[in-house]
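Work through the exercises below with the sequence and the model open. Each task is followed by a solution in steps.

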Amino acid sequence: MNKIDFNKPYFTGKETDYIRDAVLNLKISGDGVYSKKCHVFFENKFRFKKVLLTTSCTDALEMAAILLDIQPGDEVIAPSYTFVSTVNAFILRGAKIVFADSSDESPNIDVKNIEKLITEKTKAIIAVHYAGIACDMDALVRICDEKNLFLIEDAAQAIDSFYNEKPLGSFGHLAAFSFHETKNIISGEGGMLVINDERFIARAEIIREKGTNRSAFFRGEVDKYNWVDIGSSFLPSDLIAAFLYAQLEKLDEIQNRRKEIWNIYYNNLLPLANSGMVKLPHIPSYATNNAHMFFLVCRTLEERSALIQHLKDQHIQAVFHYLSLHKSNYYQDKHDGRELPWCDHYSDCLVRLPFYYELSDEDLVRITTAINSFFTK
Ligand SMILES: *Cc1c(COP(=O)(O)O)cnc(C)c1O
């Protein structure tokens, strides 16, 4: 029996052509021909005001923390059920993270209980669209407007996903996307900062270019480039952008197949969910599904461990996901002690199933049959 891995990167076939072309253009540092093509693609397709490719989503989040001018002691509200980069970016600037729980319906931040976490020191709320499924953006935008807070979207998993027909990544003052090998559209490592608030555009270009006004210089807006602010090297080589552009050209094709895979999982596992054995992802009426991931939520940690082992015995690699950040080695002493039971529940009980473009219908039947047999044995 062949092994079914959890993830397998998909190559469209054009990546090496475009990388070769970039090499022949003799311009492989940042913001070359292919970086510009990617920028134009995103600004046209998703109507983002301004986008800048970065070396990772982690870096895009670090840029966001610098742009918000986060200072030691500032508080940032973020879900505890997320990837470390969501909050590390703000920790690096000295922020205190006030962790919020997930909701009962999904691993996304529980917006009903956010307001009580806001204090005089709160600067920003970070929304993570888990599995690419939108958070309640109307509520988050309203809360941030009322309390004069910045809203940042960690949209690492949320490419081509929408909230009431508006693309995710266009709600926050800033948003960060990832093109890591495990996401829908990939470049190995890679990311993007989306700037929806015009006030940040000029400074974002400077921070991304080591604190210099080199971008303005290349556009002929200043006659020398100079050190004008803090910054780092956040822009990717054009080789990365060349790879990414080959993927973007196939976005719809990749997304269509991923959605088919998601629907097969959903339909084959629905009877199990209806009998109360597992919970399947919930897509609220305001959200679309970008088929980033398929997960189920078991009833207990023991049941989840047994399910993962059962699948492993059949050469199927299923994996759990985040461990609660408020209980991490690094943060447990800094956390204020509040219990975050839904976050812990997803840490213990959520399992992700193999998910990649080339997963065949036969593989999917094999996986869902194995899951059904586990629960009905
Ligand atoms: C993948 C991911 C990141 C990190 O992305 P990189 O591009 O690897 O830095 C951050 N947040 C979330 C929610 C992610 O899924």
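**Exercise 1: overall dimensions**

Task: What radius of gyration would a compact globule with 377 residues have, and what does the protein have?

Solution: For 377 residues, a compact globule would have a radius of gyration near 21 Å. The protein, a predicted model, has 21 Å, which agrees with that value. Next, take the box along the principal axes: the C-alpha atoms fill roughly 75 × 55 × 35 Å. Within these dimensions the protein has 12 helices and 11 strands.

**Exercise 2: burial and contacts**

Task: State what percentage of the 377 residues is buried, and what share of the contacts with a separation of 6 or more joins residues 24 or more positions apart.

Solution: Start with burial, counted as under 20% relative accessible area. Buried residues make up 57% of the total. Then turn to contacts with a separation of 6 or more: 71% of them are between residues 24 or more positions apart. Finally, the accessible surface comes to about 16400 Å², with 52% of it belonging to carbon and sulfur atoms.

**Exercise 3: the nonpolar cores**

Task: Which residues have the most contacts inside the largest nonpolar core?

Solution: The largest core holds 101 residues, and Phe42, Phe90 and Leu140 have the most contacts inside it. Helix 3 (residues 57–67) gives the largest share of this core, 8 residues. Now follow Phe90: leaving aside residues up to four places away in sequence, its contacts include Leu61, Ala65, Ile97 and Ile126. A second, separate core has 29 residues, among them Leu272, Cys298, Ile308 and Ala370.

**Exercise 4: charge**

Task: How many positive and negative side chains does the protein have, and how far apart are the centres of the two sets?

Solution: Count 42 positive and 51 negative side chains. The centres of the two sets lie 2 Å apart.

Conventions: Residues are numbered from 1 along each chain as its sequence is written. This is a predicted model: local features need pLDDT of at least 70, side-chain atom pairs count only at pLDDT 80 or more; totals for chains, interfaces and linings use all residues. Side-chain values use heavy atoms; hydrogens and water are left out. A nonpolar core is a set of buried Ala, Val, Leu, Ile, Met, Phe, Trp, Tyr and Cys residues joined through side-chain atoms within 4.5 Å. Buried means under 20% relative accessible area, exposed over 50%, partly exposed in between (1.4 Å probe, protein chains only). Helices (H or I, at least four residues) and strands (E, at least two) are DSSP runs, numbered from the N terminus. Contact means heavy atoms within 4.5 Å. The radius of gyration is taken over C-alpha atoms; the globule rule is 2.2 Å times the number of residues to the power 0.38. Accessible areas come from the Shrake-Rupley method with a 1.4 Å probe; for residues, only the protein chains shown count as cover. Lys and Arg count as positive and Asp and Glu as negative; His and the chain ends are not counted. The place of a charge is taken as NZ of Lys, CZ of Arg, CG of Asp or CD of Glu.
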